[in-house]
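Me: I am new to this structure. Please take a close look at a single part, the aromatic ring pairs, and then describe the strands that go with them.

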Amino acid sequence: MDKNTFQTELDQVRFTPQGRAALTEALMEGEAAPARRPMSWAKRGMAAALAAVVLAGSAVAAGSLWDRYFGHLDEDQQEVIETLSRNLPAAESNGTTMTPLAAFGDQDFYYLMLEIKAPEGTVLRDYGEDEGFYQLFNPDTGEDLTLTDAAGQDLLCTLDYDWYNDDPADNVLTAVIRLWSMEDADLCDGTDKILHIPGLWVQSPDKIYTPVLTGGWDFNIGTHSGGMESLTPDVSGVTVEDADCGTMTMEYLRLSPLGMRIRHSWSEPKEGIYPGASLSVVMEDGGEVFLEDTVGSCGENWNEEYGPFETPIDLSRTVAVRWGTAEIPLN
């Protein structure tokens, strides 16, 4: 397959420049050694993860946007999110101020609701489908949204975002950014992780990028996180039978209030087949919470993936994890 075909598909998600290039090459290699790969890319419906995380003075505006972004959350779900909330300072460049209205994450995910206020006289209007849409990067000029560690090294990641524009005639625009770590970087370990936004562009249907706001806005999401509780239950001996690949064995499981990560292997590998089983958390009221979607990596006879829950969970109310026909108790 032509390399440009892969690159076109990768334009739909966001990576650091190095990460995007590495993934493109890995996809081209085909039979080469196992590499990070997109599985089922996250949809925008992590319907429970963040609805009530707001800073003082912005509760009404942020809460209203979360309602539009995720839908209604009950009081328990809101309490979980409020417990995770962290304040994040605003950043200013060339007269434009970007102010986090809400920000938090766990080891694998980080969510940022960002108000963008351009200089007076600048109109941040809406664009129709035939005109284009807002972007926080410009691949033509190499101006990319990046995440780097304290040493300035790029951290492989993907992200997506939604836009909200309550008044298309003014200078204010709000973005809800969802960031996924695509390597072993812990997004809530309290160390420096700088999210750099290089500007705001409008991307036309023909992929022509027109600058709207230029400058540089940095947010240290690493030091404004932490306190995330997680569980790593004992999964020794947990197996599920697969019709194509024999016995699947769970090797690792971790869950937080926001999502879950799993690694499993299988006994009879077959080319092009990557078996799996349905995965959910059983709550004390008997309800089940599923993953909204997953990303991950795989090899000949193993797979590791993670994803956000459809709704946030209170870990103290969990009873078990259900994986296919197996059930893992959570004490």
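Reply: A residue is called buried when its relative accessible area is under 20%, exposed when that value is over 50%, and partly exposed in between (1.4 Å probe, protein chains only). The model is predicted, so local features need pLDDT of at least 70 and side-chain atom pairs count only at pLDDT 80 or more, while totals for chains, interfaces and linings use all residues. Residues are numbered from 1 along each chain as its sequence is written, and side-chain values use heavy atoms, with hydrogens and water left out.

Some context for the whole chain comes before the close look. The protein chain holds four helices and 19 strands (DSSP runs numbered from the N terminus, helices being H or I of at least four residues and strands E of at least two). Of its 331 residues, 49% are buried. Contacts between residues at least 6 apart in sequence join residues at least 24 apart in 66% of cases, contact meaning heavy atoms within 4.5 Å.

Now to the rings. Rings of Phe, Tyr and Trp (its six-membered ring) pair if their centres lie within 6.5 Å; planes under 30 degrees apart are stacked, over 60 edge-to-face, and the rest tilted. Searching the whole structure gives eight aromatic pairs. One of them joins Phe-109 and Tyr-111: the ring centres are 6.4 Å apart and the planes meet at 45°, so this pair is tilted. Phe-109 and Tyr-111 are buried. Another tilted pair is made by Trp-180 and Tyr-306, with 5.5 Å from centre to centre and 45° between the planes. This pair connects distant parts of the chain, since Trp-180 belongs to strand S8 (residues 172-181) and Tyr-306 to strand S17 (residues 302-308), 126 residues apart. Trp-180 and Tyr-306 are both buried. Through ring pairs, Phe-109, Tyr-111, Trp-180 and Tyr-306 are linked into a cluster.

S8 takes part in an open sheet of five strands, ordered S2-S3-S4-S8-S7 and paired antiparallel. Two strands count as paired if DSSP finds at least two bridges between them. The edges of the sheet are S2 (91-93) and S7 (157-164); each has a single partner strand, so one side of each has no neighbour in the sheet.

S17 runs antiparallel to S13, and seven bridges join the two.

Arg-261 lies in S13, which covers residues 259-266. Its relative accessibility is 6%, so Arg-261 counts as buried. Leaving aside residues up to four places away in sequence, Arg-261 touches Asp-108, Tyr-252, Leu-253, Arg-254, Glu-304, Glu-305 and Tyr-306. Tyr-306 in that list is also a member of the ring cluster. The side chains of Arg-261 and Asp-108 are joined by a polar contact of 2.7 Å. A polar contact is a pair of N or O atoms within 3.5 Å; within protein, one must be able to donate a hydrogen and the other to accept it, and residues adjacent in sequence count only if both atoms are side-chain atoms.

On from S13, the pairing continues to S12. S12 and S13 run antiparallel and are joined by seven bridges, forming a hairpin with three residues between them. Leu-255 is opposite Met-260 of S13, and Thr-249 is opposite Ser-265 of S13.

S12 (residues 246-255) also pairs antiparallel with S11 over four bridges, and S11 and S12 form a hairpin with three residues between them. Opposite positions here include Glu-241 with Thr-247 of S12 and Thr-239 with Thr-249 of S12. In a regular strand, side chains alternate between the two faces of the sheet. In S11 (residues 239-242), Val-240 and Asp-242 make up a covered face, and Thr-239 and Glu-241 an uncovered one.
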